[in-house]
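User: I am new to this structure and would like a close look at one part, the surroundings of the ligand. Please take me through that part.

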Amino acid sequence: MLNNGIDAARTKYDVIILDTSPALSYLTINALLASDGLIMPLPPSTLDFTSSGQFWNLFNDLTANLVTNRGKTKSFDFVDVLLARVDANDASSSVVREWITAAYAGMVLPVEIPKTALTASASAEFGTVYDTDPASINARTYRRAYDAYERVVELVEEQINTAWKRQLGEQHGA
Ligand SMILES: Nc1ncnc2c1ncn2[C@@H]1O[C@H](COP(=O)(O)OP(=O)(O)OP(=O)(O)O)[C@@H](O)[C@H]1O
Ligand SMILES: [Mg+2]
């Protein structure tokens with residue numbers, strides 16, 4: 001339903017971001033099937049890592065039922081795992097980071113979002129780093145967080161550009 005429902009928005013916007021809850025609800029399933037790319041933010045903690053595995057298991061069952069068994073296909077231009085809320089002072093996070101890299105291999109984006117009070121306080125006010133006045137906080141703290149988010153945006157934009165180029169090539173080739 002969402003896939004059909006956002007057609008009007010598709011003609012107006014280059015990029016549409018669907019931010020879902022971490023559970024496989026009907027809304028999430030709708031968002032997954034309407035998407036061209038996936039970004040899974042994943043904090044390097046044992047619980048988050050095991051939950052992510054459960055998510056992909058359920059996702060597999062679901063696509064088998066909703067897509068494959070109906071003779072349809074669904075592909076994504078990119079599937080990214082983004083190391084998020086990474087605590088440099090937490091020794092266990094580097095262990096789990098290794099599990100994540102081993103399990104998701106080439107899907108892990110080459111950037112990490114650090115755990116920072118800046119993100120925590122910005123989100124407490126329903127905002128982001130981009131809403132925070134740089135003058136109001138320590139410049140190094142600000143840059144560390146800001147640069148990481150900017151790098152994520154760059155990496156995602158590169159993948160979107162690659163997908164667009166491929167689609168253009170297919171259109172011209174057809
Ligand atoms: N990089 C970070 N540094 C510090 N705190 C963070 C960071 N990222 C997220 N948090 C904290 O963790 C909480 C949850 O973060 P976020 O909303 O990004 O997660 P979510 O999985 O999307 O949650 P929801 O299910 O509510 O959508 C936020 O309230 C925020 O304070
Ligand atoms: Mg969220």
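Analyst: A residue counts as near a molecule if one of its heavy atoms lies within 4 Å of it. The model is a predicted one. The residues around ligand 1 are P22, R85, I113, P114, K115, T116, T119, A120, S123 and Y149. By type, this shell divides into five nonpolar, three polar and two charged residues.

Two elements, β3 (108-114) and α6 (117-124), each supply at least two residues of the shell. The element that gives the most is α6, with three residues.

A polar backbone atom of P114 is 2.9 Å from a nitrogen atom of ligand 1. For T116, too, a polar backbone atom is 2.9 Å from a nitrogen atom of ligand 1. With S123 the side chain takes part: one of its polar atoms lies 3.0 Å from an oxygen atom of ligand 1. As for cover, ligand 1 taken alone exposes 620 Å², and the protein buries 50% of that.

Y13 is found in the loop between α2 (7-12) and α3 (26-34). Y13 counts as exposed because its relative accessible area is 53%, and the cut-off for exposed is over 50%.

Note on methods:
Residues are numbered from 1 along each chain as its sequence is written. Chains are lettered from A and ligands numbered from 1 in the order in which they are written. This is a predicted model: local features need pLDDT of at least 70, side-chain atom pairs count only at pLDDT 80 or more; totals for chains, interfaces and linings use all residues. Side-chain values use heavy atoms; hydrogens and water are left out. A polar contact is a pair of N or O atoms within 3.5 Å; within protein, one must be able to donate a hydrogen and the other to accept it, and residues adjacent in sequence count only if both atoms are side-chain atoms. Accessible areas come from the Shrake-Rupley method with a 1.4 Å probe; for residues, only the protein chains shown count as cover. Helices (H or I, at least four residues) and strands (E, at least two) are DSSP runs, numbered from the N terminus. Ala, Val, Leu, Ile, Met, Phe, Trp, Tyr, Cys and Pro count as nonpolar, Asp, Glu, Lys and Arg as charged, and the others, Gly among them, as polar. Buried means under 20% relative accessible area, exposed over 50%, partly exposed in between (1.4 Å probe, protein chains only).
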